[in-house]
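Welcome, and thanks for taking a look at this one with me. Please open the model beside this note and follow the points in order.

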Amino acid sequence: MTVAVHLVEHPLIADSLTRVRDKNTPNALFRQELERIGTLLIAEATRGLATHEVRVTTPLVSTTGRALTSQPVVVPVLRAGLGFVHAAQELLPSADVGFIGVSRDEATFQPKPYVNKLPENIAGRQCIVLDPMLATGGSLAHTCQLLLERGATGTIIVVCVLAAPEGIALLKSAGLDLAIYTAAVDEHLNEHAFIVPGLGDAGDRQFGSPASSS
Ligand code: PRP
C-alpha cells in the first residue's frame, strides 16, 4: 500500500491557482478557475488508464486506434468536489458518477457522512475521487474506505487542488493505496484545520455559506 503524491506543475494551473487563492476573486470566477484546474489535473491523473487496440474506419481506409478498456467511476466529495464534476464528465463522458457527502465537524474536524450514492458496479474499475481540499485527510479517508467496502481494488486516484502535509500523512497511516494529483502541497493546517496559505473554504467559495445546522 502506497500513497504517491503527484505535484502537477503547469503554467495554466499555476495561473488559475493564484486566482482561486485570491480572496477578492468573486465566486463565479472562482468556479471557472477551479474547473480549469480540474480539467488539467484530471487529464494528468488519467494518463495511466488502460487502453486496447480497436479497428476504426476513416473516410479513406480501415486502420487501428485505441479505446479505453473500461470506464472509471468518478466520485466527487460534496460539496466542494462538485466543482470538478463538469471537467471530469467532459473528459470521461461515459464514466459513472457516484456522490459522497461528508461535512467536517467544526469542533473535532472528524468527517460527518450525509450522502452515499455510489454506482452498483465498482469492483474492478478505476475510481477517481474529486475533492479540491485535502486538509486533515478525514473526508478522503472516509470516502476511500466506502469505495473499498464496495469492492474497489487497486490504486484509487485522488484529484485535489491543495493538499496539506498533515492530510497526506494521515492517508499514509491509514494504509490506503492512492495516487494523489494536486496543484500544490501547502505549508500546514491552522488551529481551525484550514489549509495555509490555502484558498479558504472551497465549498463556500463556490456555493456560499450553508446554515450552521445544514
Ligand atoms: C471541506 C473540503 C473537503 C474537506 C477537507 O469540506 O471541501 O471536503 O473539508 O477536510 P479534511 O481533509 O479535514 O476532511 P467541508 O466539510 O467544509 O464541506 P463543504 O465542501 O460542503 O464546504
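1. A word on the ground rules. This is a predicted model, in which local features need pLDDT of at least 70 and side-chain atom pairs count only at pLDDT 80 or more, while totals for chains, interfaces and linings use all residues. Residues are numbered from 1 along each chain as its sequence is written, and side-chain values use heavy atoms, with hydrogens and water left out.

2. Let us start with the ligand. There are 16 residues around the ligand, and Arg79, Asp131, Thr136, Gly137 and Ser139 come nearest (a residue is near if one of its heavy atoms lies within 4 Å of the molecule). By type, this shell holds six nonpolar, six polar and four charged residues. Here Ala, Val, Leu, Ile, Met, Phe, Trp, Tyr, Cys and Pro count as nonpolar, Asp, Glu, Lys and Arg as charged, and the others, Gly among them, as polar.

3. Which atoms meet the ligand's oxygen atoms? The side chain of Arg79 brings an N or O atom to 2.7 Å from a ligand oxygen. Backbone N or O atoms also take part: one of Gly137 lies 2.8 Å from an oxygen atom of the ligand, and one of Ala135 lies 2.9 Å from an oxygen atom of the ligand. The protein buries 91% of the 490 Å² that the ligand exposes when taken alone (accessible areas come from the Shrake-Rupley method with a 1.4 Å probe; for residues, only the protein chains shown count as cover).

4. Next, the surroundings of that site. Strand E6 (99-104), strand E9 (133-134) and helix H4 (138-149) are the elements giving two or more residues to the shell around the ligand. E6 supplies the largest share, three residues. Helices (H or I, at least four residues) and strands (E, at least two) are DSSP runs, numbered from the N terminus.

5. Now for some residues in helices and strands. Gln206, in helix H6 (residues 202-207), is buried at a relative accessible area of 4%. "Buried" means under 20% relative accessible area, "exposed" over 50%, and "partly exposed" in between (1.4 Å probe, protein chains only). The Gln206 side chain reaches the backbone oxygen of Ala80 at 3.0 Å. Val20, part of helix H1 (residues 11-21), is buried too, because its relative accessibility is 0%.

6. Val77 is worth a click. Val77 sits in strand E4 (residues 73-78) and counts as buried because its relative accessibility is 2%. Val77 and Leu130 are 53 residues apart in sequence, yet their C-alpha atoms are 6.1 Å apart in space.

7. Please check two cis peptide bonds. One joins Leu78 and Arg79, with omega about -5 degrees; Arg79 is in the loop between E4 and helix H3 (85-91). Another runs from Val196 to Pro197, with omega near 0 degrees, and Pro197 is placed in the loop between strand E13 (195-196) and H6.

8. Finally, which residues other than glycine have a positive phi? Phe109 is one of them, with phi near 65 degrees, in the loop between E6 and strand E7 (111-117). Ala193 also has a positive phi, about 65 degrees, and lies in the loop between strand E12 (188-189) and E13. Is each buried or partly exposed? Phe109 is partly exposed at 23% relative accessible area, whereas Ala193 is buried at 3%.

Key:
Polar contact = N/O pair within 3.5 Å; in protein donor to acceptor, adjacent residues only side chain to side chain.
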